[in-house]
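Open the model in your viewer and colour it by chain. The stops below are meant to be taken in order.

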2 protein chains.
Amino acid sequence: MTALAKKVYLELPAPDEADFAAGRERVLGALDQKNVHLTLRALQELYPTLPDAHYRVTVTLCPAECGWDLIRVEPGDTHDALYGAALDIGSTNLAIELLHLPSGRVLSHRECTNAQTAMGTNILDRIFAVKEDRKNLARLQRLVLDDVCALLDACLLEAGLQPDDIAAMCVGGNTTMIHFFLGCDPWLVFQKPYAPAFFNPGIQPAAALGLDLRCNILCLPAVANYLGGDITAGLLMTDMDTREDAAIFLDIGTNGELALGCRDYLLVGAGAAGPALEGGVSKSGMRAEPGAVCRVRIDERNELHVQTIDDLPPEGICGSGIVDLIAEGYLAGWLNGDGTLNMGASEHIRMVWEAESHANIPAIVYASRAGKQLYFTQNDIAEFIRCKAAAHTMVATLLDASGVTPGQIGAFYLSGGFGTHLNLESAITIGMYPDLPREKFRILGNSSLAGAKQVLLDAENLARIRHFVQSATYVQFGEIDTFLENMRAAQFLPHTNASLYPSVKKRK
Amino acid sequence: MTALAKKVYLELPAPDEADFAAGRERVLGALDQKNVHLTLRALQELYPTLPDAHYRVTVTLCPAECGWDLIRVEPGDTHDALYGAALDIGSTNLAIELLHLPSGRVLSHRECTNAQTAMGTNILDRIFAVKEDRKNLARLQRLVLDDVCALLDACLLEAGLQPDDIAAMCVGGNTTMIHFFLGCDPWLVFQKPYAPAFFNPGIQPAAALGLDLRCNILCLPAVANYLGGDITAGLLMTDMDTREDAAIFLDIGTNGELALGCRDYLLVGAGAAGPALEGGVSKSGMRAEPGAVCRVRIDERNELHVQTIDDLPPEGICGSGIVDLIAEGYLAGWLNGDGTLNMGASEHIRMVWEAESHANIPAIVYASRAGKQLYFTQNDIAEFIRCKAAAHTMVATLLDASGVTPGQIGAFYLSGGFGTHLNLESAITIGMYPDLPREKFRILGNSSLAGAKQVLLDAENLARIRHFVQSATYVQFGEIDTFLENMRAAQFLPHTNASLYPSVKKRK
């Protein structure tokens with residue numbers, strides 16, 4: 001494994017009257033690497049560092065677009081003190097990890113909410129904010145850069161390091177987030193024919209972003225507008241480029257991004273799933289934050305049990321709670337295959353007043369707080385089933401397109417917060433994931449951060465990324481005639497074709 | 001001729017559903033150049049420039065250390081609007097020229113005194129100021145950067161251009177000046193064994209210096225500590241790399257830098273001449289500024305005539321005036337071959353009180369102002385003759401080292417302010433230059449600025465520079481046993497060996 005950045009310890013001959021090569025030329029001549037450029041700061045460091053250290057120095061090499069930037073000259077042998085920062089810029093959350101590159105050790109880890117959410121929780125709101133007023137582009141960039149600085153400062157403090165110690169930075173993020181990060185207008189990410197400013201922004205110096213770092217920043221390249229560097233990073237965490245049988249990668253949230261492939265081919269696709277999967281539709285839906293109902297169980301005595309994040313009094317329900325609620329409700333007979341509620345099946349099923357439709361409608365009252373009922377309505381259920389049907393259909397479409405049957409799938413990688421915190425059994429029960437042997441599912445967590453980290457730790461991953469980007473065939477779901485029809489068929493628990501879900505059939 | 005920077009007009013296909021390559025990838029794919037890096041500012045410009053201009057854009061390519069930086073994306077075809085800035089950073093003066101690269105036209109030209117002179121007119125004073133207090137390094141850099149900004153602003157204003165319009169900048173300057181410009185401590189320029197931070201600083205982005213320019217800055221490389229980028233630039237203005245017979249290049253001032261060569265070899269050397277050549281010794285000596293006596297003539301009636309710069313009342317005498325004074329005085333018999341004054345030869349020769357030696361000493365009173373005498377003393381003459389002897393001996397030493405006789409010299413290039421403004425006949429009369437046929441002398445003026453300009457206009461000159469740097473053999477005058485002896489022999493007007501100066505002998 002060769003880390004993305006390098007430190008090279010040099011024992012240079014001191015100059016004398018026969019050999020008066022200057023410092024820069026002396027250093028460059030001693031390096032194996034070609035195309036090395038000394039940055040101005042490194043140039044400024046040569047004196048007095050070189051003579052003071054008796055010409056025994058360690059130089060830091062950070063990859064640049066073409067060749068290497070030599071970004072630092074330190075006295076003595078510090079080659080083991082080589083650090084990098086992995087960053088995931090999500091539309092909702094940011095995460096950063098400071099790494100000791102030779103060992104792969106994580107020195108510190110920090111996360112925060114993306115401050116851009118103040119200008120729109122939905123990514124499209126932010127894109128439109130820039131469309132309406134171009135000044136918002138600088139504002140959105142400033143928000144994310146300030147977040148990154150704060151996270152970085154906290155990580156550096158915890159690790160006892162300085163900004164100068166970061167030898168390279170690698171970033172995963174979707175195409176829009178990387179556009180904002182770099183101060184580029186992402187309008188064409190959203191606008192047909194979806195040819196934005198870049199899929200690969202190249203390697204940029206951190207200083208160009210105003211960051212107080214010596215290193216360059218490598219933002220992982222996108223495959224297509226909705227298949228960003230976060231997904232490329234995620235694919236690094238799979239073995240899809242080497243395995244013989246096919247695997248599926250799925251990152252599902254408000255949008256779904258997915259890939260199906262093996263060493264011979266790679267199909268990719270992306271589409272809207274809908275905010276319902278992240279708790280964004282129901283009046284009591286919420287993000288997976290403390291107080292959110294995240295687990296729901298209906299026991300054999302038909303009693304409802306809920307669990308909240310951090311065991312706080314319930315404030316609403318998040319995606320994983322909803323998936324449980326619908327799966328358990330379906331298995332317990334509270335709701336039918338088409339999602340309709342059975343009024344008599346539990347006292348939790350009641351009529352509630354819905355202001356928008358000026359009507360009482362059926363709902364599951366899953367909790368109450370301070371006398372106030374928390375419920376999930378018939379309409380919420382319908383909306384949610386549409387979302388899960390979209391997720392199902394995207395997977396089914398890639399399977400169709402590749403001619404692979406579910407039984408031939410060797411591994412099903414689940415990426416992202418939703419995929420990680422979800423109860424797998426519930427997700428299969430409602431028909432969101434295919435009914436595969438459970439051991440084939442692999443939970444990746446934040447694979448955008450993990451992939452960025454892998455690139456830092458092993459530069460060989462750059463070749464894998466190039467392979468993924470070059471070999472990917474983009475399946476446009478909108479152009480598949482049967483897509484909507486298939487989606488309608490999937491709007492059933494678990495599916496109108498029950499034979500696709502033998503394990504669910506067995507439990508029902 | 002291919003200019004150092006390029007503009008390329010691109011008529012790109014607009015993206016459609018079959019071809020949704022992103023903007024950056026679309027631009028890079030259309031360029032012939034490999035290793036092109038889009039700077040962050042160019043990346044940010046892709047949208048909305050690309051669609052607004054219907055994908056017909058002009059991109060600016062500026063050479064980087066490895067490959068090219070694509071620094072700008074403009075709508076439409078602007079390939080002819082390609083500009084560059086040539087800069088000469090002298091220890092006394094700065095000069096800048098704004099050029100239209102396709103035509104070579106000079107759009108504007110500005111000069112100023114190097115503000116660093118406030119921290120020491122002598123370059124060594126500035127080097128020592130940094131040695132004493134490292135904070136002075138930032139101060140000295142700030143002074144020269146502020147000068148450059150002011151000159152650039154004035155040039156841009158006159159030419160009606162913006163900072164963004166500058167596609168490349170090329171800088172000539174001695175090793176110390178380039179160190180200060182880049183914020184690098186030049187101590188080792190002065191300190192044995194003369195291996196400073198760099199001879200070639202590589203190509204640096206202007207932004208790293210805090211300059212509000214998109215382009216990169218190429219500082220011409222030095223051959224050795226005292227043979228800086230100003231001299232490399234000067235050599236570009238000669239034909240020493242192609243001619244069959246030998247030529248000499250001489251840049252003389254307080255220090256002398258010189259080269260002797262032809263297409264087969266190149267000898268270079270440098271040494272102190274002494275401040276006397278620039279009017280820096282005599283109490284009435286001054287730089288070549290308005291009011292300085294710059295021409296002196298003694299007519300056939302033994303009468304003295306002086307001319308001042310801008311015809312202002314005389315304030316002192318500058319180098320070219322001194323050379324005239326001594327040459328004319330020698331020819332008129334006011335002073336002897338050994339430099340001693342003949343008291344009776346003119347009423348201008350009088351005894352004057354010299355405070356330092358508490359004595360009256362002979363002097364030439366060459367002018368007076370407001371009743372105050374301006375004079376050049378016997379001691380000033382002796383000091384000046386030592387300096388001219390140093391200049392003579394440096395040339396003679398390179399001739400010796402190469403085995404070339406003065407008669408075999410095909411061209412004698414004179415560079416720098418002193419060499420340009422000097423009366424050639426007077427300089428030969430006093431024995432500072434060899435007694436060659438006058439048509440062999442070529443006055444180059446500010447060849448540091450001119451060479452920087454040539455690199456901007458024709459990138460082929462980069463290969464010539466590499467050739468000069470690689471082929472140069474550095475002659476260390478301090479290591480030549482006979483150097484001091486030869487210098488003593490040259491401390492005579494024109495020389496102890498009068499046969500070296502047949503044309504002077506004839507006039508005397």
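This tour of a predicted model goes from the symmetry to the interface and then to some local backbone features.

**Stop 1: the two chains.** Show chain A and chain B together and superpose one on the other. Chain A can be laid on chain B by a turn of 180° and a shift of 0.1 Å along the axis, with an RMSD of 0.1 Å. This is the relation of a two-fold axis. To find the axis, select Cys66(A): of the residues of chain A, its C-alpha comes closest to the rotation axis, at 3.0 Å.

**Stop 2: the whole interface.** Select the residues of each chain that touch the other. In chain A 52 residues are in contact with 52 residues of chain B. Together the two chains bury about 4000 Å² between them, and 59% of that is on carbon and sulfur atoms. Which residues of chain A lose the most area to chain B? Select Phe20(A), Leu40(A) and Tyr47(A): these three lose the most, together 18% of what that side buries. Now compare the two sides. Of the interface residues of chain A, 100% are also interface residues in chain B, so the copies meet through the same surface.

**Stop 3: polar and charged links.** Turn on side chains at the interface. Between chain A and chain B there are 24 residue pairs in polar contact, counting pairs with both residues at pLDDT 80 or more. The rule also finds 4 salt bridges across this interface. For one salt bridge, select Glu65(A) and Arg24(B), whose side chains meet at 2.6 Å, N to O.

Stop 4: Colour chain A by secondary structure. On the side that touches chain B, at least two residues each come from helix 1 (23-30), strand 2 (36-38), helix 2 (40-52), helix 6 (187-190) and strand 9 (203-205) of chain A. Helix 2 of chain A gives the largest share of that side, 7 residues. By class, the side of chain A that touches chain B has 31 nonpolar, 11 polar and 10 charged residues.

**Stop 5: inside helix 2.** Stay with helix 2 of chain A and select Pro48(A), which has its place there. The peptide bond from Tyr47(A) to Pro48(A) is cis, with omega near 10°. Tyr47(A) was already selected at the interface, as one of the residues that lose the most area to chain B. Then go to chain B, where Pro48(B) is found in helix 2 (residues 40-52). A cis peptide bond joins Tyr47(B) and Pro48(B), with omega about 10°. As background, most peptide bonds are trans.

**Stop 6: a loop residue.** Where in chain A is Asn35(A)? Look in the loop between helix 1 and strand 2 of chain A. Asn35(A) has a positive phi, near 55°, and is a residue other than glycine.

**Stop 7: a hairpin in chain B.** Select residues 292-298 and 304-308 of chain B, which are strand 14 and strand 15; they pair in the antiparallel sense over 5 bridges. Within this pairing, Val293(B) stands opposite Thr308(B) in strand 15. The two strands form a hairpin with 5 residues between them. End at Asn302(B) in the turn, where phi is positive, about 65°.

Conventions: Residues numbered from 1 in each chain as written. Chains lettered and ligands numbered in written order. Predicted model: local features only at pLDDT ≥ 70, side-chain atom pairs only at ≥ 80, totals over all residues. Heavy atoms only, no water. Contact = heavy atoms within 4.5 Å. Buried area = accessible area lost by both parts, 1.4 Å probe. Polar contact = N/O pair within 3.5 Å; in protein donor to acceptor, adjacent residues only side chain to side chain. Helix = DSSP H or I, 4+ residues; strand = E, 2+ residues; numbered from the N terminus. Nonpolar A, V, L, I, M, F, W, Y, C, P; charged D, E, K, R; others polar. Least-squares fit on C-alpha atoms with pLDDT ≥ 70 in both. Pairing = 2+ DSSP bridges.
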